[in-house]
Amino acid sequence: MKQTITALLVAAATALSATSVTWHPTDNLPLLGKAVDDSSTSNRYQRIPDSLLHTVRGGALAGLGRNSAGMALRFAAKTGRVDVKWHSPFKTLMNHQTPTGSRGLDLYTLMPDGTWTFVNSARPNVNSHNSEANVISNMDPVMREYLLYLPLYDGVDSLFIGLDDGAELLQPSIDLPAAGKPVIMYGTSILQGGCANRAGMAHTNILARRLNREVINLGFSGNGQLDLEIARVIAAVPDPGLIVLDFVPNVNEEQIDTLMIPFFEIIRSAHPDVPFLFIEDPNFPHKRFDKAARHQVDHRNGMMKERYEKLAAKYGNLHYLPADHLIGTDNEATVDGIHFTDLGFMRFADLLEPIIRRIALPVSPRQ
């Protein structure tokens, strides 16, 4: 008898979720988090121009520039379900980040109070470049605004959103997160999103939701090395609201000495009044025990601080965030001693949010 009841319940649930799906292309949806014009890239979901993919340090950004970290699509729909199918160019799998974080997508919806709430993730097919996932089913088919985050450590070559038959994929009716005066963040693998469990938990994406402001993620894993070509990309972004430079984990002493000031000045010449925030290398857990690591981190932070002070004496509206308490003091915020867990990203966002609100207004107030 119990088996019969269970079978009936399973059959009922299957019938509810088995509504037909119509697939919609996403090419015309608003895309947040891209620093360059679509005309400069052969793939819409690409972070740097084609011209830089193979020219920056001999192609160091050829793959990373095609990662879609920080990018998100906005749409609206009156549907009872949302599905996604996409093609990933790299089929990225790493031993310290979940596939939902490196290759998956995250769906959020806008609540009546103006806050974004997680709906569900689209889990990738780890054995193929092609993935298809039902994100949510059995919803009341009422009009909702959606935010769909793209993969952090892979990219997207093609993307379709599936809705109930007869449901339309609509342009958003509200400009949130606001696309004007974006926050541009430049840095390393941590900034790119390593190692968030899902795309929405990278701190750049957390901040975009909380501030309801577009955040452009220019984090390049192992390659936040003050490439002057990327400074020119940042300089070309029209009317940014804040520029965050968080590169210390990826640079050596020579790069800090020779590239930090030129990198800044390229951007500053294009945006003379925009605030800058410089962030030190965090006090990683292994730094507490590894004397060589402690010396290296402290030395590089000290070098950046010296150059920051020279810049601050010459330029206005510069701000500095030291390493203390960036991710807490209990050694619990990383997956491998360096890259953040969701706890680390949340702590970092908690610290950065009030700082950004203070130095980079106007931003939309959090409801």
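In this predicted model, helix 5 is mostly covered, with nine of its nine residues buried. The buried residues comprise His203, Thr204, Asn205, Ile206, Leu207, Ala208, Arg209, Arg210 and Leu211. Residue Asn212, with a positive phi near 50°, follows helix 5.

In soluble globular proteins, nonpolar side chains tend to be buried together. The largest nonpolar core here has 42 residues, and the members that touch the most others are Met185, Leu242, Leu277, Ile279 and Leu352.

Rolling a probe the size of a water molecule over the atoms shows where empty space is left. The largest pocket holds about 300 Å³ of space. Its lining consists of 15 residues, of which Lys34, Ala35, Val36, Asp37 and Pro238 are the closest to the pocket centre. By residue class, the lining of the largest pocket contains 10 nonpolar and five charged residues, and no polar ones.

Aromatic contacts were examined next. A pair of aromatic rings is described by the distance of the centres and the angle of the planes. The structure contains 12 aromatic pairs. One of them joins Phe340 and Phe348 in an edge-to-face arrangement, with 5.7 Å centre to centre and 85° between the planes. Phe340 and Phe348 are both buried. A single aromatic cluster is formed by Phe264, Phe276, Phe278, Tyr308, Tyr315 and Tyr320.

Two rings are also found with a charged side chain over the face. Arg198 lies over the face of Phe118, at 3.6 Å from the ring centre. For Phe160, the residue over the face is Lys85, at 5.8 Å from the ring centre.

Conventions. Residues are numbered from 1 along each chain as its sequence is written. This is a predicted model: local features need pLDDT of at least 70, side-chain atom pairs count only at pLDDT 80 or more; totals for chains, interfaces and linings use all residues. Side-chain values use heavy atoms; hydrogens and water are left out. Rings of Phe, Tyr and Trp (its six-membered ring) pair if their centres lie within 6.5 Å; planes under 30 degrees apart count as stacked, over 60 as edge-to-face and the rest as tilted. Buried means under 20% relative accessible area, exposed over 50%, partly exposed in between (1.4 Å probe, protein chains only). A charge sits over a ring if NZ of Lys or CZ of Arg is within 6 Å of the ring centre and within 35 degrees of the ring normal. On a 1 Å grid over the protein atoms alone, a cavity is a set of points where a 1.4 Å probe fits but cannot get out, and a pocket is an open set with protein on both sides within 12 Å along at least five of seven lines; lining residues have an atom within 4 Å of a point. Grid points are joined across faces, edges and corners, and a volume is the space filled by probe spheres set on the points. Ala, Val, Leu, Ile, Met, Phe, Trp, Tyr, Cys and Pro count as nonpolar, Asp, Glu, Lys and Arg as charged, and the others, Gly among them, as polar. A nonpolar core is a set of buried Ala, Val, Leu, Ile, Met, Phe, Trp, Tyr and Cys residues joined through side-chain atoms within 4.5 Å. Helices (H or I, at least four residues) and strands (E, at least two) are DSSP runs, numbered from the N terminus.
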